[in-house]
Amino acid sequence: MKNLWFSIFDFSFVYKGDEPGFIDEEFEWSNDFQIHFGQIKAELDVYMKAMNPESYFNQSMVNEQNSWKTISLKRWDIEFSKKQKHFPVTAGILRKYPSLISLSFNYLEPNGRIKHHCGDTNAIYRCHFGLEIPSGLPETGFRVRNEWREWHEGNWLIFMDAYEHEAINLSKNRRIILVIDYLRPEFFERISKIISTVMTSLFLQRRAEKWQILKKFPFWFIKLITILLRPFALLEIKRVTYFNVY
């Protein structure tokens, strides 16, 4: 059985797996999104005429404040039903595939850079679908470990999120992609552990942005807190789903 890895349980925060950085493989769901590229883009254009994306919570990950923005329809298996109503085609495809546990629209403003970092777990492939790509390398592109690639409109970049990666948009126009987290089939039976651990990790990251003292706690203490909080993360998923909060 493949070992699960979580960055919050690894003092080095560096994933040492043997998977390739980029995943050059087609999936049924990836083809489905490509077929509906025009409709997905049209839904986003309509939404953006009335609404604005939200800045990513961790501002320390970008070179300029509020340069990285998102619109989430699903995040770690939490459905944002109210937002999904604005995206009937996109949400319809999403609901067809239980292995897609997150979906968001992701903006990177001109001259923006998402600094190098590692993802939360090796249980997913993160998948970028180009919607509005202003240019290619060396201005605009994406690095996983030592390899750089370009985004292309209507095509996918699928990669191992646990590895170190970064994104740049040094052009004069914004970059927009659709981002999906695909749960790897070998980990599907452990979905509850994966989601609860990552949600707890994100919760602690958010608090650390406000309460800097958390960053000074010893590693063993953070690990213990994560384990204790995991059941509450699962309860939160059930609460949001039942009451249709978002």
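This section describes a helix contact and the strand pairing in a predicted model. Local features required a pLDDT of at least 70 and side-chain atom pairs counted only at pLDDT 80 or more, while totals for chains, interfaces and linings use all residues. Residues are numbered from 1 along each chain as its sequence is written, and side-chain values use heavy atoms, with hydrogens and water left out.

Helices (H or I, at least four residues) and strands (E, at least two) are DSSP runs, numbered from the N terminus. Helix α2 (residues 37–48) and helix α4 (residues 88–96) have axes that come within 8 Å and cross at roughly 125 degrees. Axes are lines fitted to C-alpha atoms, for helices over the stretch in contact, and angles run from 0 to 180 degrees between N-to-C directions. From α2, Gln 39, Ile 40 and Glu 43 meet Pro 88, Val 89, Thr 90 and Ile 93 of α4, where contact means heavy atoms within 4.5 Å. The residues of this contact comprise 4 nonpolar, 2 polar and 1 charged. In this scheme Ala, Val, Leu, Ile, Met, Phe, Trp, Tyr, Cys and Pro count as nonpolar, Asp, Glu, Lys and Arg as charged, and the others, Gly among them, as polar.

Strand β2 (residues 68–75) is largely enclosed by the rest of the structure, because 6 of its 8 residues are buried. Buried means under 20% relative accessible area, exposed over 50%, and partly exposed in between (1.4 Å probe, protein chains only). Two strands pair if DSSP finds at least two bridges between them. Strand β1 (residues 54–55) runs antiparallel to β2 and is joined to it by 2 bridges, with Lys 69 in β2 as the bridge partner of Ser 55. Between β2 and strand β4 (residues 100–108), also antiparallel, there are 6 bridges; here Ser 72 stands opposite Ser 104 in β4. A further 2 bridges link β2 to strand β3 (residues 78–79) in an antiparallel manner, and Arg 75 has Ile 78 in β3 as its bridge partner. The hairpin of β2 and β3 has 2 residues between the strands, and Trp 76 takes a positive phi near 50 degrees.

An open sheet of 4 strands has the order β5-β10-β7-β8, with antiparallel pairing. At its edges stand β5 (112–117) and β8 (147–149), each with a single partner strand, so one side of each is left without a neighbour in the sheet. The twist averages 15 degrees from one strand to the next. Strand β5 is joined to the antiparallel strand β10 (residues 165–169) by 4 bridges, and His 117 has His 165 in β10 as its bridge partner.
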